[in-house]
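I'll jot down what I look up as I go.

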Amino acid sequence: MPTFKAYFKKEIIESVRQYKYIIMAAGIILFAIADPIMLKVLPEMLKGQLSGDISSLIKIDFNMAVQNYIKDLSQISYFIVILALMGILSDEIYKHKLVFPYTKGLNPAALVLSKVLHYSIALVILIFAGFAINYYYAYTLFEGNVIPFSKVMSYAMYISIYYVYTVVLLTFFSSLFKKSILAVISLLVVDAISAALMNISKISAFIPARLLSVAGTPDMADITKTIVSVAILCIIFFTATVIRMNRIENL
Amino acid sequence: MIEVRNLTKRYGTIEVLKNISFKIESGSIYGFLGRNGAGKTTTMNILTGLSGYDAGEILVDNMNLGAIRRKIGGKIGYLPENPAFYNYMNPVEYLSFIADIRGMKNKDSQIGKLLEIVNLKDAAKKRIGRYSRGMRQRLGIASALLGDPEIVFLDEPTSALDPEGRLDVLDMILKLKKQGKTVFLSTHILNDAERVCDHLSIIDKGKIIISASLDELKKKYTLPIYDIEFEKACGEIKDKFSDISWIDSIKVKNNTASIYVNDIDKAKSRLIYETERLNNPVISFRIRESSLEDIFIRMVKHDADI
């Protein structure tokens, strides 16, 4: 418990002073605001570029505005977040910052837990806030096909679960590699493989990436299998990270 | 007390520690000398529980380190050669973070005291990222001493310091001894070791080649040295004196020859005579006792098994 508290506090200080919260907020909240506005002004902008009436071609409603935000959360925002967090453990290990903590009795499991929990909480708050803000702007700017707020919050929950899984996986990769960019590359490789596996109907229900594809669909499918699978994967990767941190040498 | 028996450590096929054994008495300052890459830091990392080992036994107060590795935190303090911190923190925040990991109560008073001891009180609000190397080293010492550990491991604690800072750290090490703490000091600055250590070991290529108290070491391995300054270059002296049995070795630098002798009586009576044969006028002739540095160089150079 002392290690958990100490590192949780340290992560908060670090995220404030190294602008990690601002970077993550920019990646998540900015698109929540910018997406509906951009979609609103897009036809106006294109009007000047193209001849003829394009308003009949581009019909954007509330649902499309939210969909567009979900797409950004799984692409640009996702990339910003993983770049901000890529050195979550590798920076500590390979810059020898763990020598003093380890010799003063650091508990590796508590260290990993505090990091995963801290960034997961921060991301979940930002994602829910992002969806709430996006809902407000989409509702204000677009008419038709309005989805209830509760449903949008379910989307937020699915995306949040996926981000938490990403934090756990990134933490694991970050414990393996000296260069933090290798953790990002490994994560992207896993994402690419997951996307490919999604095409196999028999196993697609167990792939974490399904959370992204299900979020935003009109009638959300049953995701119990996916959530159970994500929970199991999180436990596996968390345990593997703790084992790695227990065995690691040359801190 | 720390007792190391037949410790072996391998990285792949390379054996970096070869069956080393030594004993550190409680309340003493134990010097661990060796060149870069000799195995000093590896030994330190093993003793502090940061690294594992392949064979041997380490007993810390009769407890096997293998069983308590990484649970030894309460007992030890470790200053690595290049201490790393969170640069965005100030020293109070950093020491408070370390104290929290130790689960220390009354941490504020101890942090204040430590910052005063290491002379960082005035820079307590400055971010560590703006610290000089010497200041970082001193903060490292404060971090190692936090929690009042019984055994303090110091890896090259004076290497980054100016002469004044060096003296401060050496004084601090002597104070730790007075407080009854055991200090394990790894260094390649032999003067420092000579000044503070009670017992010394010299490690080379992963083997301990000598281990003795400072007094024993000097008694046993000290050879008288004659420093003779000639008027002209004296490179030929090595060849000309090569068949003299009572001369152990000769070091030549410009016009000066340092002659290590193994029989002082013969040297006293014969050296001046032998020098005359060189036909190179002598400017000065001085006898001195070999220092720890001389012993170290001789031992490491010869890689002698003693």
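This is a predicted model: local features need pLDDT of at least 70, side-chain atom pairs count only at pLDDT 80 or more; totals for chains, interfaces and linings use all residues.

Here are my entries, starting with chain B as a whole and then going residue by residue.

**Entry: getting my bearings**

I began with the secondary structure of chain B and found 11 helices and 14 strands. Next I looked up the extent of the C-alpha trace of chain B, which spans about 75 × 45 × 35 Å along its principal axes. Chain B has 306 residues, and 53% of them are buried.

**Entry: surface and charge**

I looked up the accessible surface of chain B and got about 14300 Å². Carbon and sulfur atoms account for 46% of that surface. For charge, I noted 47 positive and 42 negative side chains in chain B. How far apart are the centres of the two sets? They lie 5 Å apart.

**Entry: salt bridges**

A reminder to myself: side chains of opposite charge can pair when their charged atoms come close. Searching the whole structure, I got 22 salt bridges over all chains.

I started with Glu156(B) and Lys40(B), whose side chains meet in a salt bridge at 3.7 Å, N to O. Glu156(B) is in the loop between strand 7 and helix 6, while Lys40(B) is in helix 1, so this pair ties together parts that are 116 residues apart in sequence. Are these two buried or exposed? Glu156(B) has 2% relative accessibility, so I count this residue as buried. Lys40(B) is at 5%, so Lys40(B) goes down as buried too.

Then I went to Asp192(B) and Arg166(B), which form a salt bridge at 2.6 Å, N to O. Asp192(B) belongs to helix 7 and Arg166(B) to helix 6, so the pair ties together parts 26 residues apart in sequence. Asp192(B) is buried, with a relative accessible area of 1%. Arg166(B) comes out as partly exposed at 23% relative accessibility.

Helix 6 came up again with my next pair. Lys177(B) and Asp198(B) make a salt bridge at 2.9 Å, N to O. Here Lys177(B) is in helix 6 and Asp198(B) in the loop between helix 7 and strand 9, 21 residues apart. I have Lys177(B) as partly exposed at 30% relative accessibility, and Asp198(B) as partly exposed with a relative accessible area of 29%.

I found Asn6(B) in strand 1, which covers residues 2–11. With a relative accessible area of 42%, Asn6(B) is partly exposed.

Asn106(B) also isn't a glycine, and its phi is positive at about 55°. Where is Asn106(B) found? I placed this residue in the loop between helix 3 (91–102) and helix 4 (107–117). Is Asn106(B) buried or exposed? The cut-off for exposed is over 50%, and Asn106(B) has 64% relative accessibility, so I put it down as exposed.

How values were computed: Residues are numbered from 1 along each chain as its sequence is written. Chains are lettered from A and ligands numbered from 1 in the order in which they are written. Side-chain values use heavy atoms; hydrogens and water are left out. Helices (H or I, at least four residues) and strands (E, at least two) are DSSP runs, numbered from the N terminus. Buried means under 20% relative accessible area, exposed over 50%, partly exposed in between (1.4 Å probe, protein chains only). Accessible areas come from the Shrake-Rupley method with a 1.4 Å probe; for residues, only the protein chains shown count as cover. Lys and Arg count as positive and Asp and Glu as negative; His and the chain ends are not counted. The place of a charge is taken as NZ of Lys, CZ of Arg, CG of Asp or CD of Glu. A salt bridge is a side-chain nitrogen of Lys or Arg within 4 Å of a carboxyl oxygen of Asp or Glu.
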